[in-house]
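Open the model in your viewer and keep the selection tool ready. The tour moves from one selection to the next.

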Amino acid sequence: MTVFTSAYFTMTEQEAIEYAKTRLNYFAPDAELDCREIGDGNLNYVFKLTDHKHNKSLIIKQAGPVARISDEFKLSTDRNRIEYEILDLQNKLAPGFVPKVFSYDPIMNCTAMEDLSDYTIMRTALMRHEKFPLFADHISTFLVNTLLLTSDVVMGHKEKKELVQKFTNPELCEISEDLVFTEPFYDCPRNEVFEGTREFAKREIWEDPKLQLETAKLKFEFMTHAQSLLHGDLHTGSIFVKEDSTKIIDPEFAFCGPAGYDVGNVIANLIFAYVNAKYTMADGEERQVQLEYLENTIEDIIDLFKKKFLRAWEEKATEQTARYDGFKEYYLDAVLRDTAAVTGLELCRRIIGLASVKDVTSIEEYSSRAAAEKICLAAGKMFIMDRESFKTGEDFVRILKDCEKR
Ligand code: SR1
Ligand code: MG
């Protein structure tokens, strides 16, 4: 039997069972436990423990000292504390939208949380071309509650500065600074570019100094504008869905940054689902319905976000200047501008950079994948360059149509 001393080590499935039995007060003493490591993310180990006798299950998520995707990334295991604390906070800000967390162990760097096996990872579900009609309503509530309520508009300014301190997350921020803002925009050796896209990436992205200048401005905004407490990695692999419920997981990249970062990540990842449907479904009515569902979802997220944001501002703002005529519209406009920019950055970085998305890499036919990637890059560039002009949900969808025609 493993003895859990004061020393950290990464667990095997068997050790995770022993950990649960000896360290957690969750399963009954006569539980019949089995364990599978089910993590398919880039960073952590995720153990699913099931007690077949009492039909009970639990997730233990453990941070390793290096990223799974590449041991080039040495990461502080403190990201598990950040994840635990932010889940606790998000559960208060947006009740019902995150998994319940039961415990955090600062020695083993692991968190025990609710098992969401009755949900599906949204990326997987969208690649099966499923639809979630309540998603736009759910995610817009989550975004407004977590972003506006952690801004200086609502929080006391001293309390907000404490929040900034508590969620200072230098290593995970550095990953985003490199992988999202820097490497995709030059011919970086760490990029992984599909052969059918390389020429386009070279001409349209790497050889465009105007685009590079805009990415530099955005990178410095990301590093210095501590506007709201972000999830920090809100792609469709960080979202669990089922028909009537949405849960947001994996907030280990959390820190205080520009609010549009989270919104833009959601929009870009719906665009990946869109190109996946366009190039993997047979031409016909079913494909048309799926594409329209995705367009409407993008449009609704932006429009519901705006509506709920302005309403929450009216109800919750505590800052004196927030009542001045025109300020909330000015502030929201800036969040939408950042949303457009991050939509563009995420579209480019998942196509060119190290961390790709399955929606696109699973498109088997060579020319279809190249066509899908070019739409993402062309749209990505427009989102970045024209970011000031995105004001409505319709604006976010129109650009897709424009790029498809090119
Ligand atoms: C080294 S981590 C690569 C990517 O995976 C995470 O989910 C983030 O998106 C990060 O950029
Ligand atoms: Mg993740």
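Which residues surround ligand 1? Select Gly41, Asn42, Leu43, Ala67, Ile69, Phe73, Ile175, Ser176, Leu179, Asp233 and Ala355. A residue counts as near a molecule if its C-beta atom, placed from the backbone, lies within 6 Å of it.

Before going on, some conventions. This is a predicted model, in which local features need pLDDT of at least 70, side-chain atom pairs count only at pLDDT 80 or more, and totals for chains, interfaces and linings use all residues. Residues are numbered from 1 along each chain as its sequence is written, while chains are lettered from A and ligands numbered from 1 in the order in which they are written.

Now colour the shell by class. Around ligand 1 there are 7 nonpolar, 3 polar and 1 charged residues. Ala, Val, Leu, Ile, Met, Phe, Trp, Tyr, Cys and Pro count as nonpolar, Asp, Glu, Lys and Arg as charged, and the others, Gly among them, as polar.

Next, select 13-113 as domain 1 and 120-405 as domain 2. These bounds come from an automatic or database domain assignment. Ligand 1 lies between the two domains, because both give residues to its shell. Their C-alpha centres are 27 Å apart.

Go to the interface. Here 17 residues of domain 1 are in contact with 21 residues of domain 2 (C-beta atoms, placed from the backbone, within 7 Å). The domain 1 side has 11 nonpolar, 4 polar and 2 charged residues.

Key. Two residues are in contact if their C-beta atoms, placed from the backbone, lie within 7 Å.
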